[in-house]
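Please open the model in a viewer and keep the selection tool at hand. The stops below are given in the order in which they may be selected.

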Amino acid sequence: MPTESNPYVTPEPAQPPASLVKNKMDSVKDVLGKWGKKAAEATKKAEDLAGNMWQHLKTSPSLADAAMGRIAQGTKVLAEGGYEKVFRQTFETVPEEKLLKSYACYLSTSAGPVMGVLYLSTAKLAFCSDNPLSYKVGDQTEYSYYKVVLPVDQLKAVNPSISKINPAEKYIQVISVDNHEFWFMGFVNYDNAVKSLQGALLGDHS
């Protein structure tokens, strides 16, 4: 997988993904629509969460694939004992390192948005795609997880950004000290992610 000359991108070879059972687009929309209505009846905060989840799923080229991907990711996290264990299994860590936050989101790449989880620990900002991505090596199709590892002491800037055309589209631009940029989008909990990442930039590990 091309790393786009970025030292923080570390592809990890993987086996071809098992085929997922795909729900029809209409049934996914129907379920989310009902969930959105119930959330709106509860509180404004829940309504915002439902809207953010809908925007999160719409970020993917395939709404059905995104919905099934989130279900699969949630199942994996439960089966393996929580995000802390998944984080330590996915990335190299040191004993004193603690996971602070994890966010379902997308990473913008030259091939399009990649769905995964963004982790913030006391030592690093790390992203891993939910599923392996395919790419060609000659006539062969290879698979690799798309991973980004950026030590917190290499953070230069964290810039929130909202689309002027569609305010529901919200982004977080992360810039390293050597001026490599990463654009994250489709957060379910955008405001909290902005606060946590900006806190990491300032050295706040709370």
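Select residues 133-137 and 140-145 to begin: these are strands β5 and β6, which run antiparallel and are joined by five bridges. Two strands count as paired if DSSP finds at least two bridges between them. Strands are DSSP runs of E with at least two residues, helices are runs of H or I with at least four, and both are numbered from the N terminus. Within this pair, Val137 has Gln140 of β6 as its bridge partner. The two strands form a hairpin with two residues between them, and Gly138 in the turn has a positive phi of about 70 degrees.

The model is predicted: local features require pLDDT of at least 70, side-chain atom pairs count only at pLDDT 80 or more, and totals for chains, interfaces and linings use all residues. Residues are numbered from 1 along each chain as its sequence is written, and side-chain values use heavy atoms, with hydrogens and water left out.

Next, select Asn179, in the loop between β9 and β10 (181-185). Asn179 is not a glycine, yet its phi is positive, about 65 degrees. Most residues other than glycine have a negative phi.

Move on to helix α5, residues 190-201. From first C-alpha to last, its 12 residues reach 17 Å, close to the expected 16 Å; the expected span is 1.5 Å times one less than the number of residues. At the start of α5, a side-chain oxygen of Asn189 comes to within 3.4 Å of the backbone nitrogen of Asn192. After the helix comes Gly203, with a positive phi near 85 degrees.

Which residues of α5 are buried? They are Tyr190, Ala193, Val194, Ser196, Leu197, Gly199 and Ala200, where buried means under 20% relative accessible area with a 1.4 Å probe, protein chains only. To see what they pack against, display β2 (99-109), β3 (112-121), β4 (124-129), β8 (155-162) and β9 (170-176); contact means heavy atoms within 4.5 Å.

Now select helix α4, residues 83-90, where Val86, Phe87 and Thr90 are buried. These residues lie on the same side of α4 because they cover an arc of only 100 degrees around the axis, taken from the directions from the helix axis to the C-beta atoms.

Finally, show the whole protein chain, which contains five helices and 10 strands. Of its 206 residues, 39% are buried. Among contacts with a separation of 6 or more, 53% are between residues 24 or more positions apart.

Notes
Buried < 20%, exposed > 50% of the residue type's maximum accessible area, 1.4 Å probe, protein only. Polar contact = N/O pair within 3.5 Å; in protein donor to acceptor, adjacent residues only side chain to side chain.
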